[in-house]
Amino acid sequence: MILASDLVVRYGERTALVLDRLEVVPGGDVGVHGRNGSGKSTLLRVLAGLVVPTSGHVDVPPPGRTTLLHQHPFLFRGTALANVEVALRALGIRRRERARRALEALDGLGAASLATRTAADLSGGERRRVAVARALVGRPVLLLLDEPLEGLDEAGRRLVVAAVRASGATRVTASPDPLPDLAGTWVALTPPSGLRIAEEGP
């Protein structure tokens, strides 16, 4: 289960996030929406263990079981397949099994044909699908998604939604607007009133 309570994140004089409470049951899916600067990405980074809150309490799965898909994911210079394999190499998976699982992940996103193409040769939507494949291939327990459908056409959006939902991971998704296909419950972060959760519901 994810439990975050009384969170405050400050960078110097700037307050990036104030959050009273967020709870997600195992296997649950919760979305957080709000305008730029409301603290969505900061919250995901706290849950991923990349940002230590100034104050507050966070309970999340142990390290190594959480994957964060950044809003602007970075791809290495190699092929799409190699970019997906990176996540499996970190888990100690052998080379042949890495290649098989990476190709399977790409295929699940309609991107198997991109396997031998380099990141530099991919469009924005293609890069997004490769990044989603990399996020899913390690079978994370907790999946943190920062605007996962950005830059995708309608077909790409359907493929990403289907793959994410099939993962079985506990999910927290951040988006400017609610995406009902990706989360059953959405909460709104609304600055400048303390950046607290302002509403909750489907």
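Helices (H or I, at least four residues) and strands (E, at least two) are DSSP runs, numbered from the N terminus. Two strands pair if DSSP finds at least two bridges between them.

**Ground rules.** I am reading a predicted model, where local features need pLDDT of at least 70, side-chain atom pairs count only at pLDDT 80 or more, and totals for chains, interfaces and linings use all residues. Residues are numbered from 1 along each chain as its sequence is written, and side-chain values use heavy atoms, leaving out hydrogens and water.

**Sheet.** I looked up β1 (residues 2-11) and found nine bridges joining β1 to β2, antiparallel. L7 stands opposite L19 in β2. Next I traced the whole open sheet: three strands, order β2-β1-β4, antiparallel pairing. The edges are β2 (14-24) and β4 (55-59), each pairing on one side only. From one strand to the next, the twist averages 20°.

**Helix on the sheet.** I checked α1 (residues 40-47), which packs on the sheet and touches β1, β2 and β4. Contact means heavy atoms within 4.5 Å. The direction of α1 makes about 120° with that of β1. Axes are lines fitted to C-alpha atoms, for helices over the stretch in contact, and angles run from 0 to 180 degrees between N-to-C directions.

**Helix pair.** I then turned to α3 (residues 95-108) and α4 (residues 124-137), which pack at about 130° with axes 9 Å apart. They are therefore oblique to each other (under 35 degrees is roughly parallel, over 145 roughly antiparallel, 65 to 115 roughly perpendicular, the rest oblique). In α3, R101, A102, A105 and L106 meet V130, A133 and V137 of α4.
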